[in-house]
Amino acid sequence: MTSAFRKLTSALLGLALLAGSAAPALAAPCKDAKGKFVKCPPKPVVKKGPCKDAKGRFTKCR
């Protein structure tokens, strides 16, 4: 019975360590040059569909 209890305890401890280590990684990952946390810039908007030039003609996307 103690062997099963040790296995269960070690499994729960491992899960707790994994859950605890993931939380800081999900916090604000953006830092400035001095290493202080700052607000992350917004992600660029990806345009869907074909690309057009100023006159409205289809061109190659860059």
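Student: Why is Cys40 called partly exposed?
Tutor: Partly exposed lies between buried, under 20% relative accessible area, and exposed, over 50% (1.4 Å probe, protein chains only). Cys40 has a relative accessible area of 31%, so the label partly exposed applies.

Student: What makes Cys30 and Cys40 a disulfide?
Tutor: The term requires a pair of cysteine sulfur atoms within 2.5 Å. For Cys30 and Cys40 the S to S distance is 1.9 Å, so the pair qualifies. Both cysteines lie in the loop between α1 (2-25) and β1 (51-52), so the link ties together parts that are ten residues apart in sequence. Here helices (H or I, at least four residues) and strands (E, at least two) are DSSP runs, numbered from the N terminus.

Student: How reliable is the basis for this?
Tutor: This is a predicted model, in which local features need pLDDT of at least 70 and side-chain atom pairs count only at pLDDT 80 or more, while totals for chains, interfaces and linings use all residues. Residues are numbered from 1 along each chain as its sequence is written, and side-chain values use heavy atoms, leaving out hydrogens and water.

Student: Why is the disulfide of Cys51 and Cys61 called right-handed?
Tutor: The torsion about its S-S bond is about 115 degrees, so the disulfide is right-handed. Cys51 sits in strand β1 and Cys61 in the segment after β2 (58-59), ten residues apart.
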